[in-house]
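Here's a quick tour of a protein fold, put together for someone new to reading structures. Have a look at the picture first, then work through the points below.

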Amino acid sequence: NMDLENRNRRRNLRIVGLPEGQEGDNAINYVSRMVKETFNIEQFGNLPILDNAHRVGNKPGFKDKPRHLIVRFHFLQMKENILRAAKMSGMVEFEECKFRIVPDCSRE
């Protein structure tokens with residue numbers, strides 16, 4: 001059921017276009033730093049608490065697009081605040097990389 005799938009994903013965001021390996025061995029730490037430094041996280045209150053962050057799909061070949069990074073926030077409101085800020089800024093730039101942050105929705 002699509003509704004159930006989307007409910008499961010409602011605390012997730014997708015990072016699209018981030019080069020493979022940019023996050024190093026600790027994607028949670030990378031995304032936490034990116035969110036804090038890029039979106040002035042103090043305005044939202046606490047630091048983002050992330051439950052998980054990982055790449056999806058098979059590792060790409062040399063010329064393939066990078067895999068999406070799925071990030072699961074512990075609190076829905078924090079995810080909503082980050083998504084709102086990301087929409088306002090369009091492309092996000094962090095550590096000389098440009099990428100987009102979008103909702104994680106099931107294919108319909």
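This is a predicted model: local features need pLDDT of at least 70, side-chain atom pairs count only at pLDDT 80 or more; totals for chains, interfaces and linings use all residues.

Residues are numbered from 1 along each chain as its sequence is written, and side-chain values use heavy atoms, with hydrogens and water left out.

**The hairpin**

- Strand E4 (residues 92-94) pairs with E5 in the antiparallel sense, over three bridges.
- In this pairing, glutamate 93 sits opposite lysine 98 in E5.
- E4 and E5 make a hairpin with two residues between them.
- For background, most residues other than glycine have a negative phi.
- Now for accessibility: buried means under 20% relative accessible area, exposed over 50%, and partly exposed in between (1.4 Å probe, protein chains only).
- Glutamate 95 comes out at 37% relative accessibility, so it counts as partly exposed.
- Glutamate 96 has 77% relative accessibility, so it counts as exposed.

**The other strand pairs**

- Strand E1 (residues 12-16) pairs with strand E5 (residues 97-103) in the antiparallel sense over four bridges, and isoleucine 15 stands opposite isoleucine 101 in E5.
- E1 is also joined to E3 by four bridges, and these two run antiparallel.
- Across from arginine 14 you'll find isoleucine 70 in E3.
- E3 has another antiparallel partner in E2, with five bridges, and here leucine 50 stands opposite phenylalanine 73 in E3.
- E3 is mostly covered, with four of its five residues buried.

**The nonpolar core**

- A nonpolar core is a set of buried Ala, Val, Leu, Ile, Met, Phe, Trp, Tyr and Cys residues joined through side-chain atoms within 4.5 Å.
- The largest one has 24 residues, and those touching the most other members are Ile15, Val31, Met34, Phe39, Val71, Phe99 and Ile101.
- Two or more residues of this core come from each of E1, H2, strand E2 (50-55), E3, helix H3 (76-89), E4 and E5.
- In soluble globular proteins, nonpolar side chains tend to be buried together.
- Contact means heavy atoms within 4.5 Å.
- Setting aside neighbours within four places in sequence, phenylalanine 99 is in contact with several residues, including Ile15, Tyr30, Met34, Met91 and Phe94.

**The cavity**

- On a 1 Å grid over the protein atoms alone, a cavity is a set of points where a 1.4 Å probe fits but cannot get out, and lining residues have an atom within 4 Å of a point.
- Grid points are joined across faces, edges and corners, and a volume is the space filled by probe spheres set on the points.
- How many cavities of 30 Å³ or more does the structure hold? There is one.
- The largest cavity has about 40 Å³ of space.
- Its lining is made of Leu13, Ile15, Val31, Met34, Val35, Val71, Phe73, Ile82 and Ile101.
- Helix H2 (27-38), E1 and strand E3 (69-73) each supply at least two residues of that lining, and H2 gives the most, with three.

- Leucine 83 is found in helix H3, and it is buried because its relative accessible area is 7%.
- Not counting residues up to four places away in sequence, leucine 83 touches Leu13, Ile101, Val102 and Pro103.
- The C-alpha atoms of leucine 83 and arginine 14 are separated by 9.8 Å, although these residues are 69 residues apart along the chain.
- Leaving aside neighbours within four places in sequence, serine 106 is in contact with Met2, Glu5, Asn6 and Arg9.

Methods:
Two strands pair if DSSP finds at least two bridges between them. On a 1 Å grid over the protein atoms alone, a cavity is a set of points where a 1.4 Å probe fits but cannot get out, and a pocket is an open set with protein on both sides within 12 Å along at least five of seven lines; lining residues have an atom within 4 Å of a point.
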